[in-house]
Amino acid sequence: MANILVMIPSGEVYDHDCVRWYNHSDIQGSINHYHNIGDAFVYDSSLKLLTYDRLDVVEIREFKQELVDRANAEYDYVFLRGSNYIHDSINWPAGTEKVLSKLRIPVIAFGVGAQAPATGKLELSEESKRIWRMFADKSTSIGVRGTYTAEVLWDLGIKNTRIVGCPTAFRNRDPELRIDLPALDSVRKVGITMRREVSRHYSPDVRTYLERHRDFVKDMSRRFDTVLMMQGEVEEKKLMWGTEEQKAEAWKQLHDSDWLKNWYFDEEMDELYRSRLWYSDVVSDYENLVRSKDLVLGYRLHGNLMALSNGTPSVYFSYDSRTAEFAETLAIPCHNVYSGKPFVLEEYWEQSRFEAFNRTYYARYRDMREFLDENYIPHRMPSPTARKAAERKAA
């Protein structure tokens, strides 16, 4: 057991290792604020892998010597919640460098990723370069999302990386998790992970992205009983939970956007938005939802991964380096939005595609477990051998 600190948490913790958004019951208090609940998935999943007595937050917005002294005296290590921190526009909190320089306990980067621009090479700020070298110096290894992230850090002289994917993949601590496809004609309930926001900085063709997103959603919703799974977008929250005035305001904002008006919304999408939107500020609600579906697919890295980690088939749609890297890391069936080919579900509904995921998941589970072991982090990830022994004893 350990006393641990988290750097850059995402949500409040309850029942020891469960996460929900801050003041989640106060809908009006956060309805104007966009927060990506996928970040809370990663935080919640990280806690479910770790063994600890006490959890607190390390303050990096500003440096305070007394807080660093307390961290060094009372805690065993700090972990940086996994996210997309390695990109050219990140602004680290003002106290980050000074806090890292004064911490004498290990600082563990736990499933972090790099984001490539749509064109050109990723250029990090000098501050980011210094900070990542400090993370490397303060741990046995840095746990990274995939090969691209490892290569970016290698170019900085950081060689102590281990590819682990994301904690969300392993949140149920099952070393033998696998996806076995049912007959496609038995599929009825489908979750679609939505992402209407897109940036030219990371995705090369916004019109193609939005039009294909729209057509995919409509096609799946004609075939199946679908739910459109949002991840914290303000306008969608207002449409679900807002006052009549807020709903009207959200609808106007969505339809006043030239991109969305011209390339995304039409009468059919409008009706789907009226009848099938879904969102929650509580991670366990998402887990319960994906467990109830026959299939979850779409554009959200962590929404799809929550499904896979619970044994629900999922297909990724890649549109940037982040999603492509992650699909590669776990050999997840993946449709390239910019491939020029239409998405045909039948082409992905092949057990051989998911056997590649099953084999790779087993290896990545081992990698995540070894990452925690080599950093001397107490954890709750059983080895496959221990799992089988426990099952035989129980039987």
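User: What makes a residue buried, partly exposed or exposed here?

Analyst: Buried means under 20% relative accessible area, exposed means over 50%, and partly exposed lies in between, computed with a 1.4 Å probe on protein chains only. The model is predicted, so local features need pLDDT of at least 70 and side-chain atom pairs count only at pLDDT 80 or more, while totals for chains, interfaces and linings use all residues. Residues are numbered from 1 along each chain as its sequence is written, and side-chain values use heavy atoms, with hydrogens and water left out.

User: Why is R196 called buried?

Analyst: R196 has a relative accessible area of 11%, and the limit is under 20%, so R196 is buried. E235 has 18% and is buried as well.

User: How do you know that R196 and E235 form a salt bridge?

Analyst: A salt bridge is a side-chain nitrogen of Lys or Arg within 4 Å of a carboxyl oxygen of Asp or Glu. The closest N and O atoms of R196 and E235 are 2.8 Å apart, and the pair counts as a salt bridge. R196 lies in the loop between β9 (189-193) and α7 (206-223) and E235 in helix α8 (residues 234-241), so the pair ties together parts 39 residues apart in sequence. Helices (H or I, at least four residues) and strands (E, at least two) are DSSP runs, numbered from the N terminus.

User: What makes E233 and R300 a salt bridge, and which parts do they tie together?

Analyst: Their closest N and O atoms are 2.7 Å apart. E233 sits in the loop between β10 (225-229) and α8, and R300 in the loop between β12 (295-298) and α13 (301-309), so the pair ties together parts 67 residues apart in sequence. Both E233 and R300 are buried.

User: How many salt bridges does the structure hold?

Analyst: The structure holds 40. D17, D44, K48, R171, E287, R291 and R380 are linked in a network of them.

User: What makes a set of residues a nonpolar core, and how many residues has the largest?

Analyst: A nonpolar core is a set of buried Ala, Val, Leu, Ile, Met, Phe, Trp, Tyr and Cys residues joined through side-chain atoms within 4.5 Å. The largest has 89 residues, and F216 is one of those with the most contacts inside it.
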